[in-house]
Amino acid sequence: MLVKHASVHAKWIIGRVIGTKMYKTAKVRVTRLVLDPYLLKYYNKRKTYFAHDALRQCTEGDIVLLKALPEARSKHVKHELAEIVYKVGRVVDPLTGMSVEGTQFVELPTDLPLILGEDQTLSEKLQELNISTAPSEADSPPAQNPTS
Amino acid sequence: MPMKGRFPIRRTLEYLRKGDIVFKNRVKIMTVNYNTHGELSEGARKFVFFNIPQIQYKNQWVQVMMFKNMTPSPFLKFYLDDGEQVLVDVEGKDHKHISDHVRKILGKTEEVLQSEAQAKMQESNPANFGPKKYCLRECICEVDGQVPCPGTTALPKEMTGKYRTKMAAAQE
């Protein structure tokens with residue numbers, strides 16, 4: 001009887017993104033504590049995994065949660081991105097829900113005060129501002145709220 | 001010559017084995033966020049310093065990760081097998097309190113641990129015979145006073161199968 005096993009032993013892992021230059025793939029460094037047999041002290045041992053990131057959400061330095069795929073997607077990619085736990089530069093404190101910078105809370109900058117004329121709609125106002133889209137269409141728009 | 005370091009007792013096997021938090025099988029990842037300065041993180045810092053080695057020793061397959069100075073308040077986060085996440089706030093708590101709380105929510109209870117130990121002992125039950133990996137002895141021929149293995153010494157003629165069939169055929 002063929003039982004469906006995941007292709008790897010580690011089903012869920014957490015790591016830090018160290019590279020995003022590959023096509024829809026994030027290079028993630030995972031550290032585990034390993035006991036030194038003589039000193040009897042735990043040290044971080046690092047291992048790199050490749051994770052499939054379909055929406056190209058990751059930037060270098062994010063802390064991400066990876067889930068093992070049922071079959072290996074390619075020779076090296078055996079995990080996929082489950083969620084971004086802490087986005088670099090936009091860390092959200094899970095206890096309060098506020099954004100945080102180091103050990104301090106941070107006030108997100110509010111948008112400029114919006115003054116609409118009588119006949120103007122929001123779309124016309126936006127056209128006035130003349131914002132051009134970023135060159136790579138995969139980047140998420142900056143006005144979007146950060147998803148934890 | 002005394003051991004080196006601040007609390008070198010943490011680096012003894014006896015201390016590591018004394019840890020009593022054994023996580024349930026569902027727990028896969030444990031994350032500790034704490035700060036290096038500040039009174040509120042003091043309990044979390046002590047927890048990391050004293051209890052994390054014990055936890056990792058008893059739970060070899062759980063990934064434990066520490067994050068310093070990422071948020072103003074310290075907390076623990078556990079990632080379970082079905083995608084569930086457990087958030088534990090440890091601001092201002094004592095490290096003993098933290099480890100008791102963790103044991104209560106996600107640790108295996110005493111009875112479960114004892115029944116597991118019992119099951120393990122059954123594996124080394126001398127009444128069972130089988131492969132070396134699972135039992136102490138493979139065949140009864142290994143025991144003193146029993147019939148020795150026919151592979152090494154020949155059985156007496158009366159006990160061999162071919163003599164017995166010959167006798168049975170001669171009788172009919």
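Start at the second largest pocket. By class, its lining holds 13 nonpolar, 2 polar and 8 charged residues. Nonpolar here means Ala, Val, Leu, Ile, Met, Phe, Trp, Tyr, Cys and Pro; charged means Asp, Glu, Lys and Arg; the others, Gly among them, are polar. The largest share, 8 residues, comes from α2(B).

A word on what you have open. This is a predicted model, where local features need pLDDT of at least 70 and side-chain atom pairs count only at pLDDT 80 or more, while totals for chains, interfaces and linings use all residues. Residues are numbered from 1 along each chain as its sequence is written, chains are lettered from A and ligands numbered from 1 in the order written, and side-chain values use heavy atoms, without hydrogens and water.

Terms for the pockets: on a 1 Å grid over the protein atoms alone, a pocket is an open set of points where a 1.4 Å probe fits, with protein on both sides within 12 Å along at least five of seven lines, and lining residues have an atom within 4 Å of a point. Points are joined across faces, edges and corners, and the volume is the space filled by probe spheres set on them. Helices (H or I, at least four residues) and strands (E, at least two) are DSSP runs, numbered from the N terminus.

Next, the largest pocket. It holds about 870 Å³ of space. Select His9(A), Gln60(B), Trp61(B), Val62(B) and Gln63(B), which lie nearest its centre among 32 lining residues. Elements giving two or more residues are β1, β2 (25-35) and β3 (42-52) of chain A, and β1 (27-34), α2 (42-58) and β2 (63-68) of chain B. The lining has 17 nonpolar, 6 polar and 9 charged residues.

Now show chain A as a cartoon. Its strands β1-β2-β3-β5-β4 form a closed barrel of 5 strands with mixed pairing. Neighbouring strands of this sheet are turned by 50° against each other on average, direction ignored; the axes are lines fitted to C-alpha atoms. Two strands pair if DSSP finds at least two bridges between them.

Select β1 (residues 12-22) and β4 (residues 63-68) of chain A: they pair antiparallel over 5 bridges. Ile14(A) has Leu65(A) as its bridge partner, and Trp12(A) stands opposite Lys67(A).

Move to the other partner, β2(A). β1(A) and β2(A) pair antiparallel over 4 bridges. Met22(A) faces Thr25(A) across them. The hairpin has 2 residues between the strands, and Lys24(A) takes a positive phi near 50°.

Finish on chain B. It has 5 helices and 4 strands, in the order α-β-α-β-β-β-α-α-α from the N terminus. Its radius of gyration (over C-alpha atoms) is 28 Å, well over the 16 Å of the globule rule (2.2 Å times the number of residues to the power 0.38) for 172 residues, so chain B is more spread out than a compact globule. The C-alpha trace spans about 95 × 50 × 25 Å along its principal axes.

Methods. Axes fitted to C-alpha atoms, helices over the stretch in contact; angles between N-to-C directions.
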